[in-house]
Amino acid sequence: MLRDWQPNIYVFASLSAVISGLAIAAFVYLRAREVPAAKSFMILCVSGSLWCLFPTFASLPFSDETILFLARTAYLPAGTCLASFLHLAFDMCEDERRALRRRCLLASYGFAAVLTLWTFHPAFMSGVVRYAPYFSAVGGPLYHVLVAFYVVTAGYGVVMTVRNFRLAKGEQRNRLKYF
């Protein structure tokens with residue numbers, strides 16, 4: 001069955017993103033696993049890398065039901081990826097507001113866990129469009145919740161980073177500049 005598989009540029013990009021993301025996570029683990037920002041960065045790399053498997057799974061020459069199952073499997077780490085981005089932003093900014101940090105991260109990881117529980121429900125993803133070289137998820141109402149979660153976590157992380165960048169000096173400012 002895999003003899004009929006015809007990978008395209010999106011599949012190669014997907015596989016290279018997975019390999020490089022996992023390699024970067026392994027490198028960070030070996031070099032700085034005790035640093036808080038490194039821990040959240042590793043979670044971000046691993047979950048983001050696994051999420052990148054979607055184009056590869058969608059291109060396989062299997063039945064529509066099997067592809068839907070594999071696509072939903074690729075979306076399992078999506079919520080964790082978004083929550084870990086916010087976690088990394090908090091770690092990089094070294095925000096002093098511990099209570100706010102704890103509440104935001106608890107809400108973010110909790111929401112990610114709830115989304116993960118619903119990943120295999122048709123209200124999250126009801127199908128996969130597969131017209132090579134185009135692959136996309138046919139999202140239900142919960143898929144739009146994932147998109148809104150992305151906008152909120154990424155938006156808040158970026159705004160917090162820019163605000164702290166303006167106030168930072170020295171090494172902290174330099175680190176935020178490259179983040």
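Axes here are lines fitted to C-alpha atoms, taken for helices over the stretch in contact. With that in hand, let's walk through this predicted model.

**Stop 1: a helix pair.** Select residues 78-93, helix H5, together with residues 98-117, helix H6.

Now show the side chains where the two helices meet. On H5, pick Gly79, Thr80, Ala83, Ser84, Leu86, His87, Phe90 and Asp91. On H6, the partners are Arg101, Cys104, Leu105, Ser108, Tyr109 and Ala112. Colour this contact by class and you will find seven nonpolar, five polar and two charged residues.

**Stop 2: the largest nonpolar core.** Next, select Phe54, Tyr75, Met125, Val128 and Leu146, the residues with the most contacts inside this 25-residue core. Which elements each supply at least two residues of the core? They are helices H3 (54-59), H4 (64-74), H5, H6 and H7 (141-167), along with strands E1 (125-131) and E2 (134-139). H4 gives the largest share, five residues.

**Stop 3: Met125 up close.** Centre the view on Met125. Setting aside neighbours within four places in sequence, Met125 is in contact with Leu68, Ala71, Arg72 and Tyr75, and also with Ala137, Val138, Gly139 and Gly140.

**Stop 4: another core.** Finally, select Leu86, Met92, Leu105 and Ala168, which are among the 13 residues of another core that lies apart from the largest one.

Note on methods:
Residues numbered from 1 in each chain as written. Predicted model: local features only at pLDDT ≥ 70, side-chain atom pairs only at ≥ 80, totals over all residues. Heavy atoms only, no water. Axes fitted to C-alpha atoms, helices over the stretch in contact; angles between N-to-C directions. Helix = DSSP H or I, 4+ residues; strand = E, 2+ residues; numbered from the N terminus. Contact = heavy atoms within 4.5 Å. Nonpolar A, V, L, I, M, F, W, Y, C, P; charged D, E, K, R; others polar. Core = buried A, V, L, I, M, F, W, Y, C linked by side-chain atoms within 4.5 Å. Buried < 20%, exposed > 50% of the residue type's maximum accessible area, 1.4 Å probe, protein only.
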